Amino acid sequence: MPATSALADHIAGIRLVDNHVHGYWLTPGDRKRFENGLNEANTEPLADFDSGFDTQLGFAVRAHCAPPLGLSKHVDPQGYWERRSELTEDQLARVFLPAAGVSDWLVDTGLPGAIAGLPEMADASGGAVGEIVRLEQVAEQAAAAPGDYVEAFRRTLHERTKTIVLLHCYPYEREAGYLAQAFNNVHLDVGLSINHLGARAEAFIARTLELAPFRKILYSSDAFGPAELHYLGSVLWRAGMAAVLSGFVARGQWSENDAIAVADLPGRDNARRVYRLS
Ligand SMILES: [Zn+2]
């Protein structure tokens with residue numbers, strides 16, 4: 001389905017708010033670390049027979065992250081790795097973060113490791129940065145507080161947040177969409193899944209545009225580690241939104257103007273409202 005041009009142009013130009021993202025690596029690493037960085041679910045090193053390149057995310061990296069490094073699209077894994085190895089992680093961040101077209105990065109600093117913090121993210125991207133706090137961190141603080149846990153959790157939650165954003169919803173994005181419709185304060189974040197689903201991200205985006213009210217869906221990359229992920233989330237989201245929304249327009253279900261207006265909501269407007277960005 002070719003994207004209608006005004007809609008595709010608009011989506012390509014949206015200055016995104018990446019509402020849930022982590023830092024990029026600060027220290028050099030070997031190919032094994034890189035391939036492990038393309039895997040979210042396995043906390044162990046990948047098996048010897050396995051490769052992070054032989055995944056939807058690995059294919060998406062070769063398709064979309066090769067050209068910004070001066071390589072041809074779909075370059076072979078070894079060629080990609082060799083070119084990547086010529087640059088430091090900081091240099092890679094200075095290629096990929098500005099290219100993401102993100103105006104505001106809301107950084108979850110709660111994960112361990114030698115990864116970029118707020119100053120490095122601001123410097124490499126040229127965008128604005130802010131810090132966000134996950135509910136798990138609230139739970140940890142409540143557990144450490146003296147007295148009743150439930151009361152401490154409620155108090156901490158009330159002090160720190162009134163809005164809930166459901167993260168990492170895959171494969172429950174439809175359930176999350178139902179909850180977003182059922183509760184005023186529940187929102188649905190599309191991060192992580194889009195990167196890891198690669199060529200199937202479009203189908204995921206289509207499912208988020210079912211029950212969830214459009215003002216309850218938020219874009220993020222949920223990138224962590226390889227700077228490619230900070231860029232790839234944006235590329236795949238824009239391509240998926242353009243394909244899905246242009247499909248609605250082509251079938252006469254939506255007007256193109258409506259599709260253009262809706263694209264801004266998960267892309268930036270909803271996050272600006274939820275996080276009160278000026
Ligand atoms: Zn995360």
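## Domains and their contact

In this predicted model, the domain assignment divides the protein into domain 1, made of residues 5-26 together with 89-274, and domain 2, which covers residues 29-87. The centres of domain 1 and domain 2, taken over C-alpha atoms, are separated by 23 Å.

Across the boundary, 20 residues of domain 1 are in contact with 15 residues of domain 2. On the domain 1 side of this contact, the elements that give two or more residues are helix H5 (89-99), helix H10 (193-197) and helix H12.

## The nonpolar core

The largest nonpolar core has 64 residues, and those with the most contacts inside it are Ala93, Leu232, Leu236, Met241 and Leu245. Helix H12, which spans residues 228-250, gives the most to this core, with twelve residues.

Ala93, one of the residues with the most contacts inside the core, touches Tyr24, Ala116, Ala124 and Ala227 when residues up to four places away in sequence are not counted.

## The sheet E1-E2-E3

Three strands form an open sheet in the order E1-E2-E3, and their pairing is parallel. The edge strands are E1 (16-21) and E3 (128-132), each of which pairs on one side only. On average, and with direction ignored, neighbouring strands of this sheet are turned by 20° against each other.

Strand E1 pairs with strand E2 (residues 102-108) in the parallel sense over four bridges. Val17 has Asp104 as its bridge partner in E2, and the bridge partner of Val21 in E2 is Val107. Although E1 is an edge strand of the sheet, six of its six residues are buried, so E1 is largely enclosed by the rest of the structure. Helix H6 (residues 118-125) lies across E2 and E3, and runs at about 160° to E2.

Helix H1 comprises residues 5-13, and its buried residues are Leu7, His10 and Ile11. These three cover an arc of only 95° around the axis, which puts them on the same side of H1. The face of H1 turned away from this buried side carries the exposed residues Ser5, Asp9 and Gly13.

## Backbone features in the loops

Most residues other than glycine have a negative phi, and most peptide bonds are trans. Against that background, the loop between strand E4 (164-166) and helix H9 (173-182) deserves attention, as it holds Pro171 and also His168. The peptide bond from Tyr170 to Pro171 is cis, with omega near 5°. His168, which is not a glycine, has a positive phi of about 50°. With 17 C-beta neighbours inside 10 Å, His168 counts as partly exposed, because that category lies between the limits of 12 or fewer for exposed residues and 20 or more for buried ones.

A positive phi is also found at His74, where the value is about 65° although the residue is not a glycine. His74 lies in the loop between helix H3 (56-65) and helix H4 (77-85). Is His74 buried or exposed? His74 has 12 C-beta neighbours inside 10 Å and therefore counts as exposed.

Key:
Residues are numbered from 1 along each chain as its sequence is written. This is a predicted model: local features need pLDDT of at least 70, side-chain atom pairs count only at pLDDT 80 or more; totals for chains, interfaces and linings use all residues. Two strands pair if DSSP finds at least two bridges between them. Axes are lines fitted to C-alpha atoms, for helices over the stretch in contact, and angles run from 0 to 180 degrees between N-to-C directions. Two residues are in contact if their C-beta atoms, placed from the backbone, lie within 7 Å. A nonpolar core is a set of buried Ala, Val, Leu, Ile, Met, Phe, Trp, Tyr and Cys residues joined through C-beta atoms within 7 Å. The arc is that of the directions from the helix axis to the C-beta atoms. Domain bounds come from an automatic or database domain assignment.
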